[in-house]
Amino acid sequence: MVLIFKGVILIILVGYKVCTKYMFNNNDEEIKAPEKQVIELDNYDYYLHGNATNYEQTLGDELKNVLSSEVVNEEEYAKVVTKMFISDLFTLSNKNSSSDITSSQYVYDDYQETYITMVKDTIYSNIEVNLDGKRNQSLPVVKNVEITGVTNDKFLYNGNVLDSNAYYISASIEYEVDLGYPTTYNVVLFKNDDLLQVVKTEG
């Protein structure tokens, strides 16, 4: 009886170690974030994730072209960044959870915490976790973003003029499949050193 009992304990311990090793190895692989594809440009720091859509990659190429010019057309720069921001924000199919808010890279540092909380609690609130890659949920994929209006005006942040010539941009959004997500969105960008950053969103 003692030998049998010890044998059972040994089997349980070995089985536990094997299962634990398997689970942790799998989790390490599953929750690994997609590799970033850095858009390398002097004084600019933008990136695409490895699971970026074809449309997002096309916008990345557009941004490279705009920012590689000898004289950067700032309005065109603002338009492309707005398209990239909106496409990233509303393409939910390549997000692994409600916390996977990669569009925050375009947002002003002081506004990021508010922005991330807002997105997580609203637009991303129903995203199912996809750590194993087997999620079966219909989520939007942005097909195209069209700029419908651009104006310049001062922007106040916490009572102070953050930019006297900020960009107020309106856009329409087209999806591969209409799942009821916003089809229009408004963004305010201001110039922070060499970067144009999102400081307000409405939609």
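Student: Which side chain meets that of Lys200 in a salt bridge?

Tutor: A salt bridge is a side-chain nitrogen of Lys or Arg within 4 Å of a carboxyl oxygen of Asp or Glu. Here the partner of Lys200 is Glu202, at 3.5 Å from N to O. Before continuing, please note that this is a predicted model, in which local features need pLDDT of at least 70 and side-chain atom pairs count only at pLDDT 80 or more, while totals for chains, interfaces and linings use all residues. Residues are numbered from 1 along each chain as its sequence is written, and side-chain values use heavy atoms, with hydrogens and water left out.

Student: How many salt bridges does this rule give?

Tutor: The count is 6. Among them is the pair Lys191 and Glu74, at 3.0 Å from N to O. Lys191 belongs to strand β5 (residues 184-192) and Glu74 to helix α3 (residues 74-90), so this pair ties together parts 117 residues apart in sequence. Such helices (H or I, at least four residues) and strands (E, at least two) are DSSP runs, numbered from the N terminus.

Student: Are Lys95 and Asp88 buried or exposed?

Tutor: Burial is judged by relative accessible area: under 20% is buried, over 50% is exposed, and values in between are partly exposed (1.4 Å probe, protein chains only). Both Lys95 and Asp88 are buried, and their side chains meet in a salt bridge at 3.3 Å, N to O. By contrast, Lys191 has 39% relative accessibility and therefore counts as partly exposed.

Student: Which residues of α2 are buried?

Tutor: They are Tyr55, Glu56, Leu59, Gly60, Leu63, Val66 and Leu67. These residues cover an arc of only 145° around the axis, which puts them on the same side of α2; the arc is that of the directions from the helix axis to the C-beta atoms. Asn54 and Asn65, on the other side of α2, are exposed.

Student: Which members of the largest nonpolar core touch the most other members?

Tutor: A nonpolar core is a set of buried Ala, Val, Leu, Ile, Met, Phe, Trp, Tyr and Cys residues joined through side-chain atoms within 4.5 Å. The largest one has 49 residues, of which Tyr77, Phe85, Ile86, Leu89 and Phe90 touch the most other members. Helix α3 gives the most to this core, with 9 residues. Leaving aside neighbours within four places in sequence, Leu89 is in contact (heavy atoms within 4.5 Å) with residues including Tyr115, Val119 and Tyr185.
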